Amino acid sequence: MKKIIVIGCPGSGKSTFSRALHHKMGIPLYHLDMMYWNADKTTVEKNVFSERLSAVLEKDEWIIDGNYGSTMEMRMMACDTIIFLDYPTDICLDGIQRRRGKSRSDMPWIETEEDEDFMAFIKTYNEQQRPKVLSLLDKYCGKRVVIFTSREEADAFLKGEAL
């Protein structure tokens, strides 16, 4: 495992898991949100985001956390390991509530209010986005694919010696 992507619904804990994996393995960690967003909650230009991501993908080792469907297949092609946090909606909604108001290394601002569109995306993720992810996982089944359906499974993996 040298090139790892961590994907899943917002609130699933991708960044938290990725940070723990980074600390355990010493592989550089990159957050898509930090590549895409400015501190004032505006987005960078599409070509800037693409250049930032491409520069990371060219490196020998990396962990990249984030969904971003428009770049998911590109990241799957480049990685050797895909970790999918495939959690129930209520777990993800709870994750969003718990991080509100906290400073995070994976976001250029502190989330203080509820974004209705973002919450709607989370509530429909398993019906609308998850099938697309599963289809891509089928397409890239030659990669190491690890799917966790609970935080306990992910924690046990991180505690394991055979990373």
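Predicted model: local features only at pLDDT ≥ 70, side-chain atom pairs only at ≥ 80, totals over all residues.
## Helix 8

On one side of helix 8, Glu 152 and Lys 159 are exposed. Ala 154, Phe 157 and Leu 158 are the buried residues of helix 8. Viewed down the helix axis, these buried residues fall within an arc of 95°, so they line one face of helix 8. Glu 152 and Lys 159 are on the other side from that face.

The cover over the buried residues of helix 8 includes helix 1 (14-25), strand 4 (81-85) and strand 5 (144-148).

Helix 5 spans residues 89-99, and its buried residues are Cys 92, Leu 93, Gly 95, Ile 96 and Arg 99. Seen down the axis of helix 5, they fall within an arc of 155°, so they line one face. An α-helix has 3.6 residues a turn, so residues three or four places apart point the same way. Asp 90 and Arg 98, on the other side of helix 5, are exposed. Helix 6 (116-128) and helix 8 (151-159) are among the elements that cover the buried residues of helix 5.

Two packed helices are described by the angle between their axes and the distance between the axes. For helix 5 and helix 6 the angle is about 155° and the axes are 9 Å apart. Angles over 145 degrees count as roughly antiparallel, and helix 5 and helix 6 are therefore roughly antiparallel to each other. Helix 5 passes helix 6 in a right-handed crossing. On the helix 5 side, the contact is made by Thr 89, Cys 92, Leu 93, Ile 96, Gln 97 and Arg 99. Helix 6 contributes Phe 118, Met 119, Ile 122, Lys 123 and Asn 126.

## Aromatic pairs

A search of the whole structure finds 8 aromatic pairs. One of them is formed by Phe 49 and Tyr 68, with 5.5 Å centre to centre and 35° between the planes, and is tilted. Phe 49 lies in helix 3 (residues 46-57), while Tyr 68 is in the loop between strand 3 (62-65) and helix 4 (69-78), so the pair ties together parts that are 19 residues apart in sequence.

Both Phe 49 and Tyr 68 are buried. Ring pairs also link these two residues with Tyr 36 and Trp 37 into a cluster.

## Positive phi values

Most residues other than glycine have a negative phi. Tyr 68 has a positive phi, near 45°. The relative accessibility of Tyr 68 is 17%; buried means under 20%, so Tyr 68 counts as buried.

Lys 41 also has a positive phi, near 70°. Lys 41 lies in the loop between helix 2 (32-36) and helix 3. At 42% relative accessibility, Lys 41 counts as partly exposed.

## Ala 78

Ala 78 is found in helix 4. With a relative accessible area of 26%, Ala 78 is partly exposed. Leaving out residues up to four places away in sequence, Ala 78 touches Lys 3, Leu 57, Trp 62 and Lys 143. Ala 78 and Ile 96 are 18 residues apart along the chain, and their C-alpha atoms are separated by 29 Å. Ile 96 is one of the buried residues of helix 5.

Technical notes. Residues numbered from 1 in each chain as written. Heavy atoms only, no water. Phe/Tyr/Trp six-rings, centres within 6.5 Å; stacked < 30°, edge-to-face > 60°. Helix = DSSP H or I, 4+ residues; strand = E, 2+ residues; numbered from the N terminus. Buried < 20%, exposed > 50% of the residue type's maximum accessible area, 1.4 Å probe, protein only. Arc of directions from axis to C-beta. Contact = heavy atoms within 4.5 Å. Axes fitted to C-alpha atoms, helices over the stretch in contact; angles between N-to-C directions. Parallel < 35°, antiparallel > 145°, perpendicular 65-115°, else oblique. Left-handed = near helix turned anticlockwise from the far one by under 90°.
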